[in-house]
Amino acid sequence: MNIISHRAIFFLVSGILILASVTAFAVFGLKPGIDFTGGTLWQITITQTSADLTQASAEEIRKFFEVDLGVKNITVSPADNQSFLIRLSHISEGEHQRYLEALKIRVNPRGNPRESALIEELRFDSIGPVVGKELQSKAIWAVILVLLGISLYVAFAFRKVVYPIKSWKYGIITLLTLFHDVIIPAGMLAILGHYLNVEVDIKFIVALLVVMGFSVHDTIVVFDRIRENLLIHRQRYVFSDIINQSIKQTFARSVNTSLTLVLVLLALLFFGPASLQYFILTILVGTIVGTYSSIFIASPLLFVTSRSKET
Amino acid sequence: MKKQNSTILLIVVIILAAAAVLFVYPHAKIFGVGVYPLGFGAKYMPWRLGLDLIGGTQLIYEIDTSQMASDDEKSVLNGLRDIMEKRVNVFGVSEPQVFISKTGNKNRVVVELAGIKDVKEAVAQIGRTAMLDFRETIEMPSDNTATSTDLENKTQFIKTDLTGRYLKKSYISTDAAAGQPQIGLQFSSEGAKIFEDLTAKNIGKPLAIFIDDQLVEMPVVKDKISGGQAVITGQFTTDEATKLVSLFNAGALPAPVNLVSQQTIGASLGSESLQKSLWAGTLGLSVIIVFMLAYYHRLGLFAVVALLMYVPLTLAVLKGISTTMTLSGIAGFVLSIGMAVDANVLIFERSKEEIKKGLSKFAAIEEGFRRAWPSIRDSNISTIISALILYAFTTSFVKGFALTLLIGVLVSMFSAITITRTLLRVFVKMTND
C-alpha cells in the first residue's frame with residue numbers, strides 16, 4: 001500500500017471533486033432557506049374539501065393566493081403526507097390569520113370558516129429579514145471559528161513534533177483537509193438546490209460543523225501514528241516510508257471508526273424523520289469524504305510539505 | 001489487588017447503568033401492566049420535550065429601545081420579560097420559556113411555548129401592549145352639532161400622567177342596568193391622587209380613556225373622584241373584557257413590541273418525527289452491535305456491553321441536567337452513539353497490534369489503552385470544539401443538538417476509560433487465572 005507514490009492520483013480525484021463543487025457553487029449558488037433570508041414557510045393539509053374542489057392542487061392554491069389575495073412571490077409545492085408547502089415573504093400575524101380564514105372559506109364555502117378540521121397547519125414559520133441576516137453572519141462566524149479552532153488545536157497537540165516538518169504545518173494541513181471536506185458537501189448541496197430545490201438552512205451549517213469535528217478524527221488517528229513512528233523509527237526510515245507504514249497500520253482503525261458512524265447515519269437517513277434527511281445526507285457525504293481525505297490526502301500533503309523543505 | 005479494584009469498579013458501573021435505565025425509561029408500563037420502580041424517573045422528573053417534538057411555537061419579539069438610556073434599557077428589558085412571562089402563564093403551557101436574547105446591539109425577548117393548543121390566541125395576547133391611559137380633552141370650536149362621533153373627530157386629546165403604571169388592580173364587573181361587562185380599575189394611592197386631581201380639573205368635561213392608543217370611552221366627569229376607583233364601560237364582550245383585565249393585571253408592556261419571528265410546529269408533525277427518530281436510533285444501535293460482533297468477535301462483545309451501558313448513562317445525564325430534547329438533540333445523541341464506539345475500536349485495534357507483537361493479553365490491553373488514549377482524547381476534543389461553538393453561537397433549535405453531542409462525547413470518553421477498560425481487565429484476568 002504505497003499511498004505516497006500514488007499521491008498524484010488521489011490529488012487528482014480530490015482536485016476534480018473540488019473543482020466540480022466550486023463550479024456548482026459558483027454557477028448554481030446555494031439556495032438559502034428562510035432561516036437566512038427571512039420569509040414565511042407554511043405547511044398545511046386540507047382535510048375536507050367541497051364538491052367543486054375535489055383535489056386541491058398546489059397550482060390552485062398558488063393561484064388563489066396570487067389572484068384572490070394579491071400575494072406576490074409565492075410558491076406552493078406538494079410535500080409528504082398530502083400536505084402543501086407554501087413559501088412567501090415575511091408576513092405579520094394579522095396577515096397570517098387573514099390568509100388562513102380566506103383559505104378556509106375558499107376550500108369549503110358552505111362550511112363554518114372557524115371549523116379547524118378543514119385546514120390543519122402543520123407548520124408556520126415567519127422570520128423577519130433582519131433576523132435572517134443575523135443568522136447568516138452567525139453561521140459564517142461559527143464555521144470560521146470551528147475551522148480555526150480545530151486547526152489550532154491540532155497544531156498544539158502535535159507541538160512536540162518538529163522533524164521533519166514543524167508542528168504548525170500539521171495544523172495547516174488539517175485546515176486544508178477540512179476545507180476539502182466542507183466544500184464537497186457544499187457543492188453537492190448547490191447541485192441539489194438547483195435540481196431539486198433543496199434549501200440551505202441552519203441545519204446545513206450544523207451539518208458542516210459536525211463534519212469538521214468528525215473528519216478530524218481519522219486525520220488525527222493517522223497523524224498520531226505518524227508521530228509515534230517518527231519517534232521510534234526516525235533514524236532508520238525515510239519519511240515517505242514512515243507515512244506509508246503509519247497509514248497501513250491505522251487503515252483498519254480509520255475505516256472502522258468511520259464505518260460505525262456511517263451505519264448510524266444510514267439508519268437515520270432511511271428510517272429517520274423526513275425533516276432531517278438532507279441534514280443527515282450532508283453529514284454522511286461529509287464523513288465519507290472526510291475519511292477519504294484523512295487517509296489519501298492529509299498524509300500525502302504532509303509528505304509534500306516535507307519535500308518542499310528539502311529542495 | 002488490582003483485579004479486586006477493577007471488579008468493584010465494574011460492579012459500581014453496572015449498578016449506575018441499571019439505575020440510569022430506571023431513571024430514563026419514559027413509560028411505567030410493560031405489557032400494559034404498571035411496573036414500579038421502572039419509570040420512577042418519569043413520575044418525578046419527566047423528560048422535557050422540545051417544540052419540534054410536541055408541537056408549539058417560538059416567538060421572538062423585538063422592542064424599540066433606541067429612545068432609552070442604556071441602564072433604562074436593561075430594566076425595561078427585564079420588565080418586559082417578566083410581564084410577558086406572566087401573560088404566558090395564563091395559557092397553561094407546562095414549561096414556558098421566556099428569555100432575553102442579545103444579538104449584536106439588538107435585544108429581543110424569546111418566548112417558547114411547547115405544547116400550546118391555541119397559538120393564534122397566544123400571539124394575539126402576548127404581544128399586545130395593553131397600554132391604558134387617560135387623556136384630557138379640548139373641544140375644537142365647531143358648529144355645535146352634538147353627535148358623539150363629531151365630538152371625537154373634532155376633539156383634541158392631551159396625554160396626562162395617569163397611565164396603567166398606577167393601576168393596582170383590575171377586575172370585571174357587570175353593569176346591572178345594561179347587563180354589559182365592565183372593567184373595574186383600582187389605582188394605587190399615587191394613581192388615586194392623580195386621578196383625583198384630574199377629575200377635579202375636568203368636571204363637566206369628557207375624560208378620554210385610551211387602550212393601546214384606541215379611544216375606548218369618553219365619559220363626562222360629574223364629580224371629583226377620590227379613592228382611585230373607576231369603571232370603564234366601553235362596548236366590551238365578556239371575552240374581550242376578561243382578556244383586558246388579565247393583561248392589565250400582568251402589566252402593560254413598557255413599549256410596543258414587534259414580532260420579528262414566529263416558528264410554529266403542529267403537534268402531529270412533531271410526534272411523527274419523534275417516533276421515527278427513536279426507531280432510527282434503535283436501528284442504528286442494533287446495526288453497530290451486529291457489526292462489532294461480526295468484526296471483533298469476542299472483543300466486540302465488550303464493546304457492545306460498554307455501549308449498552310453508555311446509552312442509559314448519557315440519557316441519564318441529559319435528563320438530569322434538564323435538557324430539553326429536541327429533534328436535533330435526538331439526532332446529536334444518535335450520532336454520539338456512532339462515535340462512542342470509536343474509542344472502543346481504537347483500543348481494540350491497538351491491543352490486537354500489541355498481542356501480535358507478543359505481549360501477554362493483559363499487558364497488550366494495558367498498552368493498547370495507553371497508546372490509544374492520545375488519539376481518543378484529541379479526536380474527541382475536536383468534536384467538543386465544534387459542539388461548544390455551535391452551542392454558543394446558534395439559536396435554541398440548534399443548541400439542543402450541540403448539547404447532546406457534547407454530553408455524548410464526554411460520557412463516551414468516560415465510558416471508554418472506565419467501562420471498556422475495566423471490563424477487559426476483569427475478564428482477561430479471569431481467563432488468565
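Me: In chain B, what share of the contacts with a separation of 6 or more comes from residues 24 or more positions apart?

Reply: The share is 70%, where a contact means heavy atoms within 4.5 Å. Before we go on, please note that this is a predicted model, in which local features need pLDDT of at least 70 and side-chain atom pairs count only at pLDDT 80 or more, while totals for chains, interfaces and linings use all residues. Residues are numbered from 1 along each chain as its sequence is written, chains are lettered from A and ligands numbered from 1 in the order in which they are written, and side-chain values use heavy atoms, with hydrogens and water left out.

Me: How many helices and strands does chain B have, and what makes a stretch count as one?

Reply: There are twelve helices and 15 strands in chain B. Each is a DSSP run, numbered from the N terminus: a helix is H or I with at least four residues, and a strand is E with at least two.

Me: Why is strand E4 of chain B called largely enclosed?

Reply: Buried means under 20% relative accessible area, exposed means over 50%, and partly exposed lies in between (1.4 Å probe, protein chains only). Eight of the eight residues of E4(B), residues 56-63, are buried, so the rest of the structure largely encloses this strand. For chain B as a whole, 51% of its 433 residues count as buried.

Me: Which residues of E4(B) sit on each face?

Reply: In a regular strand, side chains alternate between the two faces of the sheet. One side of E4(B) has B:Gly56, B:Gln58, B:Ile60 and B:Glu62, the other has B:Thr57, B:Leu59, B:Tyr61 and B:Ile63, and all are buried.

Me: How do you know that E4(B) pairs with E6(B) and E14(B)?

Reply: Two strands pair if DSSP finds at least two bridges between them. E4(B) has seven bridges to E6(B), running antiparallel, and eight to E14(B), also in the antiparallel sense. With at least two needed, both count as paired. For example, B:Tyr61 stands opposite B:Val109 in E6(B), and B:Ile63 has B:Val257 in E14(B) as its bridge partner.

Me: What makes strand E7 of chain B mostly covered, and which strands pair with it?

Reply: Six of the eight residues of E7(B), residues 132-139, are buried. B:Phe134 faces B:Ile209 in E11(B), while B:Glu139 has B:Thr155 in E8(B) as its partner.

Me: Why is the contact between B:Glu136 and B:Lys201 called a salt bridge?

Reply: A salt bridge needs a side-chain nitrogen of Lys or Arg within 4 Å of a carboxyl oxygen of Asp or Glu. Here the N to O distance is 3.0 Å, so the pair meets the rule. The two residues are 65 residues apart, with B:Glu136 in strand E7 and B:Lys201 in helix H7 (residues 189-201) of chain B. B:Glu136 is buried because its relative accessible area is 11%, whereas B:Lys201, at 59%, is exposed.

Me: What about B:Arg81, buried or exposed, and which residues does it bridge?

Reply: B:Arg81 has a relative accessible area of 18%, so it is buried. Its side chain forms salt bridges with B:Asp82 at 3.1 Å and with B:Glu85 at 2.7 Å. B:Asp82, at 37%, is partly exposed, and so is B:Glu85, at 26%. B:Glu85 and B:Arg81 lie four residues apart in helix H4 (residues 70-89), about one turn of the helix.

Me: How many residues does each chain give to the contact between chains A and B, and what area do they bury?

Reply: Chain B gives 61 residues and chain A gives 64. Together the chains bury about 5,500 Å², 66% of it on carbon and sulfur atoms. That buried area is the accessible area (1.4 Å probe) lost when the two parts are put together, summed over both.

Me: Which salt bridges and strand pairing cross between the chains?

Reply: Five salt bridges are found across the interface, among them A:Glu134 with B:Arg108 at 2.8 Å, N to O. Five bridges also join strand E4 (residues 119-127) of chain A to E14(B), running antiparallel, and there A:Ser126 partners B:Gln262.
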